[in-house]
Amino acid sequence: SSDHLRHVDSMARLPSGAGKITHLNAVVLGEALASEENDLVFPSPEFSSQALVSSPEQYVKMYRKSIDDPAGFWSEIASQFYWKKRWDTQVFSENLDVRKGNVKIEWFKGGITNICYNTLDRNIQAGNGDKVAIFWEGNEPGQDGKLTYSELLAKVCQLSNYLKNVGVRKGDTVVIYLPMLMELPISMLACARIGAMHSVVFAGFSSDSLSQRIMDCKPKVVITCNGVRRGSKTLALKEIVDTALLECAKSGFSVGLCLTYENQSAMSREVTKWLDGRDVWWQDFVPKFSSKCEVEWVDSEDPLFLLYTSGSTGKPKGVLHTTGGYMVYTATTFKYAFDYKPSDIYWCTADCGWITGHSYVTYGPLLNGATAIVYEGAPNYPDSGRCWDIVDKYKVTLFYTAPTLVRSLMRDGDEYVTRYSRKSLRVLGSVGEPINPSAWRWYFNVIGDARCPISDTWWQTETGGFMITPLPGAWPQKPGSATFPFFRLQAVIVDEKGSEIEGECSGYLCIKNSWPGAFRTLYGDHERYETTYFKPFLGYYFSGDGCSRDKDGYYWLTGRVDDVINVSGHRIGTAEVESALVSHPQCAEAAVVGFEHEVKGQGIYAFVTLVEGAPYSEELRKSLILAVRNQIGAFAAPDKIHWAPGLPKTRSGKIMRRILRKIASRQLDELGDISTLADPTVVEQLLAMDF
Ligand code: 6R9
C-alpha cells in the first residue's frame, strides 16, 4: 500500500531527527523570512527528549503500523479502557463508497462499555480519586470552585439518578442549554452514564435556533440555568428557553420537564420566570439523590451525543457520534497532540456548546485523568490580561484556544501578556480556522516566550477528534501549517474530478478511510449524510475544506470551499443567515458571503434587496441585523449590510457569489467576466450604492 505512505516518505526528507534538532530563537522567526514554507520552527531538545513521540522516525514507525495494521494498532490502544465485554472479532468495518451500498462505519462493535465509567470510575480506581478533575473559574476574578474525580463522580451520579427517576432511559435524548458552569460537563457525563444521548446547544443560540434543535431531536428533558454573567452583562438564559419551549408546544411538541440550575452569582430564583409543573430547580431535587449510580452498559456503537452544526442549506445537521470509537479517539488524540503528562494542568477556552468543548474540555482530558479548567467568562474580562491571570493562577501547562482570540489579544498589545509570568506553559494549541503566520508567531514568541510548540489542530464536528495535527515533540513546525495526519488517517488531496493528486499540490481535502472518532450519520437523515460527505468525491469522506501540500509534505488548510463561513472559529451557513434576513418583512432577497476580517478571520457580508417602496435606512439596517440575532444568535450578526437594488444572477437565475465575494473584499478590478449575467448593469448599481 505504498500510496498510503506517500506523506510519510516526505517526513523522511525532514531536515533532522530530534537528537539533532536545534532550537531557533525568536529573531530567526521574524517576518524577515521570505517563504512561510521554508520557515521551520524546531522543538527544543529538552522538549523532544521527554515527549511521547520524540522524532519523525518514531512517528513514521507508529504511523506505518497504524496503516498496515489498523485493527491491531487501535485494539491495542482500546484495550487500555474498561470494556464490560470485549468487542467482536472484527475491530472495525467500514464502507465509505456509495457505489458499494450504504455508507457504514463501525468500530469495536459488540464491545460493551460506558464512557462515563471510563472517565470517572476507571480513573478513581487507578488512584486518581483525590486529583482535581475540574477547576472552575467564574466570570468575576476571585470566584472559583473545584471538583476532584471522586466529587465529580458523586455529582454526576446524583444527576443520573434524578434523570432516571423522572423517566429518562437508555436511548432517550436530553437537551442541555447551559453556559460554562461545572454543571455542563456534569450533565453530559450524567447522560452518558445512563445511556441517554445528550444534545448540547451552545447557550449563545437564540430561542428560534434552540426550538429548531429541540423539534428535531425531541428530548425528554431540557437542562438549563436561570441566568449567566458574561463580561459585564447578565443574561436571563431561561427566558430564552421559555420562548423556545413555547414555540415547540405551538408546533405540537411539548417538553415535560425543564431542569433549571439556579446560578446564584448571576440571578436569584425570585426574579426568574417560572412555569409550575414544567420547571424544576436543580438544587431542590438533584442533591437529594444518591451519589452512587450503577452504570448503564452500552454497545460501542450506541449513540453518545448529537451536536448540530451548520451546512450549506438552512437546516442544521445533527451530527451523531457513538460511544466506543469516540472514546478511544478523543482520549488518544488528546494525549499525543498535547503530549499529555499526568502533572499537566490543561485549559481549553472553548465552550462545551461546540465540538471542541465536547472532545477537548470534557471527554478527551477527563478520560486521560487530566485536570481541566472550565472558565465561565469572556477571555477579555475584566481586561485583556485575564487569560494569563488564569494561566498563572492555576499554573496552566497546556493552553488551547482559537486564532480569533490570539488576533484580538495581539491587537490589544503585549503589555497585557508580559505582566504575567506564564512560565508554567508547555504546549499551546490552536483550533477552529487556519491560523495566519503572523498570529502564529505572536502566539509563539509573546505568549509562549518562544519556548512552547504550537499544536495547530485541524478537525471538525464530524471527525470527533484531531485529524491533522502536530505531535509537538516529533517534528519541526511551520507557522500556519497543521503539519501531518494523525495515526491511521490517509489524508488525500483530490482535484475537481475526484482524482488523488500526488506530492506538492492543492485541491480538496478528503479522507480515504474511517477512523474511530468519525460521525456515523446525520440524525434522522442518512441520505443527507451520504450526499454531503460521501458523494462529492466517490470513495472518500469529503471535508468541505481546501488544502495544499508543500514540498516537505506539510498540509496547509485554506478554508471552506462550500457555502459555510468561519466567523471567529464558528461555522455559519450562508443559507441560514440569508433565510433569517428574508424572514424580515421588508427584505425581498439576500445573498451572504464571507470577507476577510482582521480579528474574526471571516466576517459576514450581506447583500440585501428590499421590497418595493421600503426605505434604505439606518433603522432598517439595524432591524435586519436584529432579525439574524433573534433567529440564530448574536455571533451570526452580519458585519456589513450592502443595499442591493438587484443581485447579479445568471440567466438561469443563480446568484453569482463569485462577483459578490469580490465586491465584499473590495477587489473591484477583479470582478471577472460579467457578460454572462442576466442583467450586467446590476453590478454598476451595486457599486454605486454607498457602502
Ligand atoms: C473543531 C472545529 C470545522 C471547520 C473545518 C475548517 C475549520 C478547524 C482548523 C480549521 C484550519 C485548523 N478548522 N480547525 N481550519 N486549521 N486548525 O472547529 O469544528 O466547528 O465543525 O469547524 O473549521 O474549515 O472544516 P467545526
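Predicted model: local features only at pLDDT ≥ 70, side-chain atom pairs only at ≥ 80, totals over all residues.
Residues are numbered from 1 along each chain as its sequence is written, and side-chain values use heavy atoms, with hydrogens and water left out.

The ligand has 17 residues around it, of which D456, T457, T461, R560 and R571 come nearest (near: a heavy atom within 4 Å of the molecule). By class, this shell holds 6 nonpolar, 6 polar and 5 charged residues (Ala, Val, Leu, Ile, Met, Phe, Trp, Tyr, Cys and Pro count as nonpolar, Asp, Glu, Lys and Arg as charged, and the others, Gly among them, as polar).

A polar backbone atom of T457 lies 2.8 Å from a nitrogen atom of the ligand. The protein buries 96% of the 530 Å² that the ligand exposes when taken alone (Shrake-Rupley method, 1.4 Å probe). Two or more residues of the shell come from each of α12 (355–367) and β26 (555–560) (DSSP runs, helices being H or I of at least four residues and strands E of at least two, numbered from the N terminus).

Elsewhere in the description, L668, L687 and F691 make a nonpolar surface patch of about 220 Å² (residues with over 30% relative accessible area and no salt bridge, nonpolar side chains joined within 5 Å and like charges within 9 Å; a salt bridge is a side-chain nitrogen of Lys or Arg within 4 Å of a carboxyl oxygen of Asp or Glu). L687 belongs to helix α21 (residues 681–688). With a relative accessible area of 31%, L687 is partly exposed (between buried, under 20%, and exposed, over 50%).

How values were computed
Polar contact = N/O pair within 3.5 Å; in protein donor to acceptor, adjacent residues only side chain to side chain. Buried < 20%, exposed > 50% of the residue type's maximum accessible area, 1.4 Å probe, protein only.
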